[in-house]
There are 2 protein chains.
Amino acid sequence: MKLLRQKVINEGIVLGSGVLKVDSFLNHQMDPFLMREVGREFTRRFAGDEITKVLTIESSGIAPGIMTALELEVPLIFARKQKSLTLTEDIYVEKVYSFTKKESNEITVSKKFIAPGERVLIVDDFLANGEAAFGLARIVEQAGASVAGIGIVIEKSFQPGGRLLQKAGYRVESLVRIASLEDGVVSFVDDEEEEVLLG
Amino acid sequence: MKLLRQKVINEGIVLGSGVLKVDSFLNHQMDPFLMREVGREFTRRFAGDEITKVLTIESSGIAPGIMTALELEVPLIFARKQKSLTLTEDIYVEKVYSFTKKESNEITVSKKFIAPGERVLIVDDFLANGEAAFGLARIVEQAGASVAGIGIVIEKSFQPGGRLLQKAGYRVESLVRIASLEDGVVSFVDDEEEEVLLG
């Protein structure tokens, strides 16, 4: 997705140790037009997959998630990272480790929002080690629903998440794939390969 | 806003002690069409106010916030409830007490995203005691920017937040105002008054 790649080039900041800061358009300040285009692109890629729900995780997944849900004309669910007082019963719980924050969170989804047989599209802002995506997928499967695919805004392809998810049989669609952040420079998975993926 | 009021009537669950659960369309599962209408309604109400940014707080404010930002054609910023590893310097910090969760959070916004002179619309899902809205307003003012208004999806008018914010000089626009949750029944601030406000 060229618009997104250009944003990463223009506004992304490499912080070292594999961290790409994109807080000007994706995970602190957000560009609503870019989010709408992200939603449209996921919808193009998963058209015909009979998706019934979009599932994401708070907080940075919500904006791309709601735009995707709007385009697909289905509800969005966002998993919570800890139990809230009004969400204590009848929930699916999975443990997810965050390498960035160096802590484990319990992620929760209310059972009443995923019915057996549903086709769920998982959407998230980043894919690195795949912990969050695997946790969300386990929740979908606990519900007796199926994972139609995993839509990622930015994949750090030098980390194992994408590979592990595909090996586990999931379809992963990443709008931008980063090959390396070495020496403070963002390198993308090569253009030719991306063109093929973009079809 | 009739569509929203109907959703509250059809799907809201009164949990007692002043808690209204709306997790089927607003703060766990989300209805993207309703969120778009919320964004459009805030935009109608604040048209001509020369808003340059929308500011909200994670997590449930993000969906109405991004839809409002899309309609107003400005960026959205969401305040974080705790410092993340990639957001440690040059931030505004305010302490906010959550009566629901019975805990204080530090809410943070990166200084680079609010410039002096900006006109900021604060958007949030709920207004009860006004703690979050006041915290966000203090951040806007710390930045030398001004609060154009405060847009609330559901105001619990039997709690003091709305009154306190208006007394402090802020313009508050709530799309639905709940007068009471007594005996498990949702009562709205009376129709006639709302029609005038909607006028």
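1. How much area is buried between chain A and chain B? About 3600 Å², of which carbon and sulfur atoms give 66%. Buried area here is the accessible area (1.4 Å probe) that two parts lose on being put together, summed over both. His28(A), Gln29(A) and Leu70(A) supply 19% of the area that chain A buries against chain B, more than any other three residues.

2. A word on the basis. This is a predicted model, in which local features need pLDDT of at least 70 and side-chain atom pairs count only at pLDDT 80 or more, while totals for chains, interfaces and linings use all residues. Residues are numbered from 1 along each chain as its sequence is written, chains are lettered from A and ligands numbered from 1 in the order in which they are written, and side-chain values use heavy atoms, without hydrogens and water.

3. Chain A puts 44 residues into the contact and chain B puts in 43. Contact means heavy atoms within 4.5 Å. On the chain A side, α3(A) gives the most, with six residues. Helices (H or I, at least four residues) and strands (E, at least two) are DSSP runs, numbered from the N terminus.

4. Two salt bridges cross the interface of chain A and chain B. The rule asks for a side-chain nitrogen of Lys or Arg within 4 Å of a carboxyl oxygen of Asp or Glu. Lys112(B) and Asp23(A) form a salt bridge at 3.4 Å, N to O.

5. Now the annotated sites. The unreviewed UniProt entry marks Leu20(A), Asn27(A) and Lys156(A) as "binding site". UniProt positions follow the numbering used here, feature names are shortened, and annotations may be inferred rather than shown by experiment.

6. Leu20(A) sits in strand β2 (residues 19–21) of chain A. Leu20(A) is buried, at 6% relative accessible area. Buried means under 20%, exposed over 50%, partly exposed in between (1.4 Å probe, protein chains only). Beyond four places in sequence, its contacts include Val8(A), Phe126(A) and Ile178(A).

7. Asn27(A) lies in the loop between β2 and β3 (29–30) of chain A. Asn27(A) is buried too, at 13% relative accessibility. Leaving aside neighbours within four places in sequence, Asn27(A) contacts Phe78(B) and Arg80(B), among others.

8. A further "binding site" annotation in the unreviewed UniProt entry covers Ala128(A), Asn129(A), Gly130(A), Glu131(A) and Ala132(A). Ala128(A) is buried, at 18% relative accessible area. Glu131(A), in helix α4 of chain A, is partly exposed at 31%. Outside four places in sequence, Ala128(A) touches residues including Lys156(A), whereas Glu131(A) contacts Val96(A), Tyr97(A) and Phe99(A).
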